[in-house]
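Visitor: Could you walk me through this one?
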Amino acid sequence: MERSSLNFRFFKYNTILAVMILVISLASSYFVIGEIVEKEIGERALGAAQVASEHPVIIEGLKQPSTTEEIQKIALQIQQSINAEYVVVGDENEVRYAHPVKERIGEKMVGDDNAKALSDGEAYISNAEGTLGKALRGKAPVKDENGEIIGVVSVGFLFSDIF
């Protein structure tokens, strides 16, 4: 009887150990996959923001005192083509020239993460909360033909949709 009790304990501890290893493996896989997905989507957002920031319609539109229908049309086309939550175009003062919610055009951009694009001329990936929610964003400065920064493009994917 003592031998069967010893075998049962051995089996029980091995089962617990196997379950713990399985749980740790699944949890670490989840985080690794999450990081890979976040990196890929961030790069997609950044690439789209960079392409949009070089679009002639967006560059010319940002030279105008207010938005044009063409900027909104291009932004929505890019948004739909990459299945992003939004493509927002703002001027050097962060006033929106394009936004998926038309009523927000003319208002100031939200998230406080445009400085590197507008001040330093950098393109980058950021995590910030905007009017549509917490998002992974690609940011790119818009420059005129003289290399002057005249605006910013923000392409975002909501975290709630990513995960």
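What follows is a short chat about a helix, a residue in it and a sheet.

Guide: This is a predicted model, where local features need pLDDT of at least 70, side-chain atom pairs count only at pLDDT 80 or more, and totals for chains, interfaces and linings use all residues. Residues are numbered from 1 along each chain as its sequence is written, and side-chain values use heavy atoms, with hydrogens and water left out.

Visitor: Is Ala52 buried or exposed?
Guide: Ala52 is buried, at a relative accessible area of 0%, where buried means under 20%, exposed over 50% and partly exposed in between, with a 1.4 Å probe and protein chains only. Ala52 belongs to helix H1, residues 2–53; helices are DSSP runs of H or I with at least four residues, strands are runs of E with at least two, and both are numbered from the N terminus.

Visitor: What does Ala52 touch?
Guide: Leaving aside residues up to four places away in sequence, Ala52 touches Ile58, Ile78 and Val153, contact being heavy atoms within 4.5 Å. Val153 is 101 residues apart from Ala52 along the chain, yet their C-alpha atoms are separated by 6.9 Å.

Visitor: And Tyr13, buried or exposed?
Guide: Tyr13, also found in helix H1, counts as exposed because its relative accessibility is 51%.

Visitor: Switching to the sheet, what is the strand order?
Guide: The open sheet has five strands in the order E2-E1-E5-E4-E3, with antiparallel pairing, and two strands pair if DSSP finds at least two bridges between them. Strands E2 (96–98) and E3 (124–130) stand at the edges with a single partner strand each, so one side of each has no neighbour in the sheet.

Visitor: How many bridges join E3 and E4?
Guide: E3 and E4 (residues 133–143) pair over seven bridges in the antiparallel sense, and Glu129 has Lys134 in E4 as its bridge partner.
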